[in-house]
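This briefing covers helix packing, nonpolar cores and salt bridges. Please read it alongside the sequence and the coordinates.

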Amino acid sequence: MEFRTVSRSVESVMKDVQKGKISLQLDIQRPVGAYSTFGKSMVIDSLLRSYPLGIIYIVVEENEEGKKVKYIVDGNQRIGNLRNFILKMDGIKNYKLSAALDPLIIDGVTYEIAGKKYDALDEEVKSALGDAALTICEISNYTREELNDFYTRINSGKALNPTQKLLPLMSNEMLNDIKELGGSEFFEKALTKTQFINTTEISIVLEALMLMEFGEDCGFESLRNTDKIKFVTKCNSTLNVENVIAVSDALDKLNEHYTKKVKMSKTILSLAIYGVCKAQSEGKDLAKYFEWLDNFIATYKEDEEFMQFCKQGTANAANVKGRLDYFNNIIEQL
């Protein structure tokens, strides 16, 4: 196999896509649409801020009509998201950028891009996107076996999970607070090595902090990733210090209570932390809370009242509210 790398503008690549000179239909590629709205928006946002987007690998093959066409081997999602945002083509529904994107500064002028479709962008922003550089690597002199092997190799890494994708969105201050809480000794008793690899402790801390603010005016309704993005965006510079201290203290109390390994699901862990915070803020007897919690952990799977909120869609608004109300009711009775 031979490789030749060139730099091309987004505008020139989009023209080739529109003319059919570049195709997103290589048979070994997954179809466009794997990214969330925020993920798609980050492709556009990254290019506008001159962040490297990664190499786009292409091969040249003959199509059914005998014409030479460039097929994308790696980069289908990125090029497909650009196409679906910029181009007017049959069967394409142009999407809006995420409302969570920050304003963009070009030559000292600030432009809003959040929540906008391509046509609604300022001309200066459109021009900047069109001029943005894509690194294209053309593959030639290959066999099909070599191409399949190459495709397998470049896709062999494990994709970032939703929590890991949130980390770069956090300010240094917020990330330091979240990671410090995630370093609690309690998590060493409650989580497995695999869960640590998957940064589950970070997800639990984030959810506990969100539960502390759950309500009509909090700006989010669930524990789904879209609402976690809203929470991170909202709290990047204004993370509630009292809540951080409360969660830190709750983790210490849990660590003192559980002297050995304890088995709790991720969903229960965030609620258990919240429960300690809630009980302490209301002056409840913490010993009674832990007595109830121990029994709850051992029996909750038989508790129909609670388990109705732990079925499909555990992170949706109704289920989160149901579980939270359940814990609040228990704590009120302590």
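**Salt bridges**

Asp249 is partly exposed, with a relative accessible area of 28%. This value, like the others here, comes from a predicted model. The structure holds 17 salt bridges, some of which are described below.

- Asp249 pairs with Lys253, the closest N and O atoms being 3.1 Å apart; Lys253 is also partly exposed, at 24% relative accessible area.
- Because Asp249 and Lys253 are four residues apart in helix α12 (residues 241-257), about one helical turn separates them.
- Salt bridges with shared partners join Arg4, Lys70 and Glu138 into one network.
- Glu207 and Lys228 form a salt bridge through their side chains (2.9 Å, N to O).
- This pair links distant parts of the chain, with Glu207 in helix α10 and Lys228 in helix α11 (residues 225-235), 21 residues apart.
- Glu207 is buried, at 6% relative accessible area, and Lys228 is buried, at 6%.

**Helix packing**

- Helix α7 (residues 172-182) packs against helix α10 (residues 200-213) at an angle of about 110 degrees, their axes 9 Å apart, which makes α7 roughly perpendicular to α10.
- Residues of α7 in this contact include Met174 and Ile178, and those of α10 include Val205 and Leu209.
- By class, the contact of α7 with α10 has seven nonpolar, one polar and two charged residues.

**Nonpolar cores**

- The largest nonpolar core has 93 residues, of which Ile79, Leu82, Phe186, Tyr289 and Leu293 touch the most other members.
- Helix α13 (residues 266-281) gives the most to this core, with nine residues.
- A second, separate core of 12 residues includes Leu26, Tyr57, Val69 and Cys137.

Key:
Residues are numbered from 1 along each chain as its sequence is written. This is a predicted model: local features need pLDDT of at least 70, side-chain atom pairs count only at pLDDT 80 or more; totals for chains, interfaces and linings use all residues. Side-chain values use heavy atoms; hydrogens and water are left out. Axes are lines fitted to C-alpha atoms, for helices over the stretch in contact, and angles run from 0 to 180 degrees between N-to-C directions. Helices (H or I, at least four residues) and strands (E, at least two) are DSSP runs, numbered from the N terminus. Angles under 35 degrees count as roughly parallel, over 145 as roughly antiparallel, 65 to 115 as roughly perpendicular and the rest as oblique. Contact means heavy atoms within 4.5 Å. Ala, Val, Leu, Ile, Met, Phe, Trp, Tyr, Cys and Pro count as nonpolar, Asp, Glu, Lys and Arg as charged, and the others, Gly among them, as polar. A nonpolar core is a set of buried Ala, Val, Leu, Ile, Met, Phe, Trp, Tyr and Cys residues joined through side-chain atoms within 4.5 Å. Buried means under 20% relative accessible area, exposed over 50%, partly exposed in between (1.4 Å probe, protein chains only). A salt bridge is a side-chain nitrogen of Lys or Arg within 4 Å of a carboxyl oxygen of Asp or Glu.
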